[in-house]
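Subject: Predicted model for your review

Dear colleague,

Please find below the sequence and the structure that I am handing over to you. My findings follow after them.

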Amino acid sequence: MKRDWCSCDGSGRAGTVTSRRALLAGAATAGVWWLGTRSALAQATIRKGGSDGNVLVVVFLRGGADGLNMVAPYGEDDYYRHRPSLGLKSPSSGVAAGKKLIDLDGFFGLNPGLAAFEGLYKEGSLAVIHAVGSGDVTHSHFEAMNTMERGWKNQQDTAGGGWLARHLNMTEGSGSPLRGVSIAPVLPDSLLGAVEAQAMVNVSEFRLNTQDEAMKAALGRLYANPGDDIARAGHDTLAVLKSLNGVDPRTYQSDGGANYPQTPVGEALSQVAFLIKRDIGLEVACIDAGGWDTHVTQGSTDGWMYGLLEDLSRSVAALMTDLGSLAQKTTVLIQTEFGRRVAENSGLGTDHGTGGCMFVLGAGVNGGKVYADWPGLVPDQLAGPGDLQTTTDYRAVLTDLLLRRLGNPDPRKVFPGYSGGGLGVVG
Amino acid sequence: MKLSRREAFVALGGATLLAGCNPVSGQMRKLEQTSLPAPTKADDEAVAVLNRFGFGPSPRDLEAVRKKGVDDWFESQLSPSDDEPAMLGYQLQRLDINSFGPWDLRDWKEEAIVEQLQQAAVLRAVYSPWQVRERLCDFWTNHFNIYARKGLAAYRKPMDEREVVRKNVLGKFPEMVRASAHSAAMLVYLDQQNSNANQANENYARELMELHTLGVHGGYTQEDVMEVARCFTGWSEERGFLQRKGAFVFLSDRHDNGEKTVLGHKIPAGGGVEDGEKVIQIVTEHPATSKYIASKMCRYFLGEEGSAHEDAVAEIYRETGGDIKAMMRSIFGAFKSSKNTVLKRPFDYVVSAMRATDAASTAGKGVLDHMASMGQALYLWPMPDGYPVDTTSWTGSMLARWNFALALTSGEIGGTSVNLKKLTANLDGSKAAQAVFVCDSSHPAIRRLSEIVAGFELPEQVALCLASPEFQWK
């Protein structure tokens, strides 16, 4: 995995942050309780904008989710020619509901595994973006994920850090050390370089196993001088512990009858709900959903991928229910590194492809619509080894989110070299 | 079971046989904890070498390096034997995965297999005197990463660990690639076992080039991926055949017998299983592979400074046909004049803390759970690229590291104990810092730490030293 970066790229984390932080250590702040821990970056640079209480939840489907079977173009005959076994039956076919697509707009249909999204789409708060992707043509998971999470067109781009990190570092936001959280052992590439972000496997377990205040103070002294990445990580971790002090997720109960699946995705999203409700200054939460690299026996209206889709849609729907009125402030982005090959393979799976599919749902979404400049599935319309062409730059969707939900005054600074603007998915 | 020379040596040295030992064989089942001789400046080089090429100094291995000198010690490490200390041999023998194949494991629960795999890796890293071998096992296990929860990969991984990684860990790289290509665990993990002529599965073909050999910028194209995938059609595993289950099998009726072109080389029609063998030869002899492997090894052992040395190591790869020992000698030479530090991944951190405190441990769930909460549950990295080596990937693990340090020193980890009083019996002054860093007390970092930890009890002092930023680096 390529995670190099240059200290002079302005991404924030490497380079000059330390001295700024040291310079301003102890600067007096008052008001919101977490401001006592706010980063020196926030204090040292003139930053504007921020999410103003809105939260973006990013769910990254790792492995390259098959867009063509998440939202299938049943209106195109070639879909069935390419996928004699895996093709999902059209909404008008005679089979029972649950065994065929759910119609979206007369051309695209939703995989029945995503039935929990149907209501959101129909009420207009879920949008699908199709034939979307980056300029990556390597078909490598790692290159493609890295490209997208860095906010790049392809690996020739050089903007430092992750796209969410660049956004957080250029905006003021809540100032909390938990502006960005990843429910995972490590920060995703999208948050790499973010000064005010933290990875945690489990919020309940994010506590130091000693009650001894003298020991805590000694740790503070050990990490008083954030001179390198690890010393800085320790320093930040102590600040986060202070922020979470008195917050006990073990007592957390969901609201509104929300029923999270007992899966890693469901559990991660319930922790995100907890953090949003506790008002700790969260602006961006990232979670991963794994298992989408369906080279063999991916299934159609049952099986491997169907199970993943059910888990995904039920977990996200539970989050929105659980949040209640806070759902008015929360938008969810579901993305993946690439779509899969149009034709199924001999193992009843699909190989790595190019154009894929994204979902945006929740607050502010101009939904009930599939956004697609549809390239078609006739063989001469396919890209490379037989892939869906990418006709929409994924950064158009991210631009909408930055501008309309996260209060970023100038998304072009997050995506230097990208001039395509937004898509209007979010209003 | 025959007693190795080392075991005999330990026994003759007057080792105390602890409760629960077998009086007939006289084997030690538990580590006899020792006292660290006071470190001096002369130990600095030995400590640095053990940190980078092993899993940090333990009192015993420090003694071994002191006796031999770093150069002779390193050279002897390149020809390890199967002799292990009695205590380690005993514990490894109790782990069935060390001898079982997929058929023997058929009724096991996946978690039990994974736990034993993890346990064996930690035990070996903590207690084996063959530290360079264990260090390289970590490197190559990650290079040929297999996610044990993919399909039935867990049942095949113990065999892969023995036959692919451990067998070739100091051998020739192309042989390791060849062994991996025939490994049922890898074939299952990368969906190769069902690939056939109608439409070849590209997963293994792509990762073979992108991650195992050429590197993503190694000059192959999507066409090459598809051609390599055709070459490997029919490479699969035996299924129903009792003891043969999980063995390699070539299913000729699934093979694409047409002509192929791989990286400019024509592979004539009708080659059968030889097509795949030919691909392995082409990719392992490709100059991009020498560069990619050299660069990855240098990065792992030398950190950021590694890039300055990778051309020299790539040259050795080409001259010796990928001889890992020869490459390691060159990296070791470069290390002696290097100045930078490399971050300990959670596995390194846990093992080095156990070695520094001379912990007696079964390396069971108590230890493994801590490693998992730091984000490095061994054999459970889902993607085929292995656990990352860069520092920024691990900045979220600090709290879990601190909690491990607290638990280890306060005796809260099941099956694991330390005797810090005994460990530091020979030390004066800043006992904890000297013991943890195996460094004499005049060092500025030791002085800073000693000042911060002063006033705490010995276990808390050791915990703080293990939790310090300084101990996170090797």
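Chain A of this predicted model has an average pLDDT (the predictor's confidence in each residue, from 0 to 100) of 87, and 89% of its residues score at least 70. In residues 1-45 of chain A, the pLDDT is below 50, yet this stretch has 88 contacts (heavy atoms within 4.5 Å) in the model beyond near neighbours in sequence.

As to conventions, residues are numbered from 1 along each chain as its sequence is written, while chains are lettered from A and ligands numbered from 1 in the order in which they are written. Local features need pLDDT of at least 70, side-chain atom pairs count only at pLDDT 80 or more, and totals for chains, interfaces and linings use all residues, with side-chain values based on heavy atoms and with hydrogens and water left out.

Turning to the interface, 50 residues of chain A are in contact with 50 residues of chain B. The area buried between the two chains (accessible area, 1.4 Å probe, lost on being put together and summed over both) is about 4,300 Å², and carbon and sulfur atoms give 65% of this. Two salt bridges (a side-chain nitrogen of Lys or Arg within 4 Å of a carboxyl oxygen of Asp or Glu) are counted between chain A and chain B. In a salt bridge of 3.2 Å, N to O, the side chain of Arg221(A) meets that of Glu451(B). On the side of chain A that touches chain B, α6, β7 (197-199), α8 (213-222) and α9 (229-244) each supply at least two residues; helices (H or I, at least four residues) and strands (E, at least two) are DSSP runs numbered from the N terminus. With eight residues, α9(A) gives the most to this side.

Asp52(A), which is not a glycine, has a positive phi of about 55 degrees and counts as exposed (over 50% relative accessible area, 1.4 Å probe, protein chains only) at 69% relative accessibility. His139(A), also not a glycine, has a positive phi of about 65 degrees, but counts as buried (under 20%) at 5% relative accessibility.

Yours sincerely
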